[in-house]
Amino acid sequence: MPLHAIATALPALHEGLNRLPALADPDRLWDMLRRLLAAHAPSGGANLPGGIGGEIAALAGELGLGDRVIPALGSTGNTALWLGADGPQPDVVVAAHMDRPSFRVQNPDEGTLFAICANRFPPGDYRTPAKAVRFAEGRLVVGAQGTLVSRKADGDAALRFEAARGSLDWADTVLIDPPPARDGDRVTGTGLDNSLGVLAALLATAALSAGEDALSRAGRRLLVVFTDQEEGPPDGFFGHGAARLASALPPPVAGCVVVDAHTAGPGPGVELGRGAGHGTASGWGRGSIAPPNVHALALDLARQINDTRPGTVQMNTGYLSRSDDMILGRWAPVLGLIGPPMTDPHTGHEAARLSDIQASAWWLAHFLAAALNIAPEIGQRYGLAR
């Protein structure tokens with residue numbers, strides 16, 4: 001029932017998905033992803049001039065969403081897109097963090113660093129290309145390139161930057177920076193956490209824009225926020241960009257959807273090549289939990305969309321890391337945790353599949369259409385807010 005109701009209430013959605021070149025042509029999709037991976041995305045400065053926020057805005061313009069970009073959402077440090085009706089209160093807020101694992105300088109002379117993110121480097125010695133980014137002459141620039149060296153042993157962790165070009169400065173933020181690579185459908189590198197989620201959110205929004213008139217007539221407003229400072233030490237506070245939304249906006253009518261890459265691995269959970277991941281609880285409940293009615297909606301919609309487009313979505317029944325949902329759940333209900341699967345986050349050898357990004361855009365667009373509650377039968381059957 002949900003899929004048919006969406007098609008009836010928002011008939012332009014299918015056309016919007018089919019007309020996007022990146023959802024049919026892996027080469028076009030790879031070009032967009034590669035641009036995001038190359039952009040500077042230091043946590044705490046991702047939306048500065050020269051950062052990934054500007055690249056997101058540029059891609060949004062190429063997708064026909066240029067007049068829907070909010071380049072600086074108040075003092076939150078985030079950039080955003082909107083669709084549908086005018087007004088201060090959105091019906092659904094989507095959060096996809098744009099910053100990536102970052103390291104600050106402890107001693108520039110010795111090259112020592114400290115992580116302002118979860119340190120997920122493997123045990124022993126690990127080396128990966130890296131860059132030191134600083135703010136100079138009005139924008140983010142690369143001040144040094146070299147190697148980030150991690151050493152983990154006997155419960156201790158040490159991080160160091162070895163410069164090959166330029167020199168480390170006290171004002172630098174160090175980012176992992178191996179060149180992205182593609183082998184058919186498989187892509188590797190770093191920054192997939194969370195360029196995967198950013199790109200899926202951009203494409204889903206572009207598809208939904210085909211039905212914007214219907215959203216406006218129904219009085220529905222969608223706000224897609226690309227947040228900064230999601231990355232943070234897991235034993236401290238994180239998600240600062242998401243937290244600031246609560247001061248900048250009234251809470252959404254229905255709730256929030258968090259779009260962040262899902263870690264694939266052995267056991268229950270998600271697998272590469274099987275479509276989007278959809279979770280309903282993070283950190284085994286230490287983070288957010290989706291309300292039971294929206295959980296039921298996701299299960300029913302997933303069965304139907306997989307019948308018509310096999311491999312679109314997989315329910316993530318394994319462990320799902322906390323993300324911006326940890327903070328947003330104190331502001332409004334978290335309706336779902338969606339993202340393309342990937343392996344080895346926070347390393348120089350992250351991996352994902354292009355087809356999973358395409359599937360994630362399909363799934364996210366449909367789930368948002370349902371959550372926006374423009375089909376009365378969906379709202380009645382699943383008790384959606386409006």
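This is a predicted model: local features need pLDDT of at least 70, side-chain atom pairs count only at pLDDT 80 or more; totals for chains, interfaces and linings use all residues.
Residues are numbered from 1 along each chain as its sequence is written, local features need pLDDT of at least 70, side-chain atom pairs count only at pLDDT 80 or more, and totals for chains, interfaces and linings use all residues. Side-chain values use heavy atoms, with hydrogens and water left out.

**View 1. Helix α2 packs against helix α10.** Helix α2 (residues 12-19) and helix α10 (residues 354-371), both DSSP runs of H or I with at least four residues, pack at an angle of about 160°, and their axes, lines fitted to C-alpha atoms over the stretch in contact, are 11 Å apart. The two helices are therefore roughly antiparallel, a term for angles over 145 degrees. Contact, meaning heavy atoms within 4.5 Å, is made by L13, H14, L17 and N18 of α2 with A361, W362, A365, H366 and A369 of α10.

**View 2. The largest pocket holds about 380 Å³ of space.** A pocket is an open set of points on a 1 Å grid over the protein atoms alone, where a 1.4 Å probe fits, with protein on both sides within 12 Å along at least five of seven lines, and lining residues have an atom within 4 Å of a point. Of the 24 lining residues, R120, E230, S321, R322 and S323 are the closest to the centre of this pocket.

**View 3. The second largest pocket has a volume of about 200 Å³.** Its lining includes L20, P21, R28 and D31, and helix α3 (26-38) gives the largest share, 3 residues.

Key
Axes are lines fitted to C-alpha atoms, for helices over the stretch in contact, and angles run from 0 to 180 degrees between N-to-C directions. Angles under 35 degrees count as roughly parallel, over 145 as roughly antiparallel, 65 to 115 as roughly perpendicular and the rest as oblique. Grid points are joined across faces, edges and corners, and a volume is the space filled by probe spheres set on the points.
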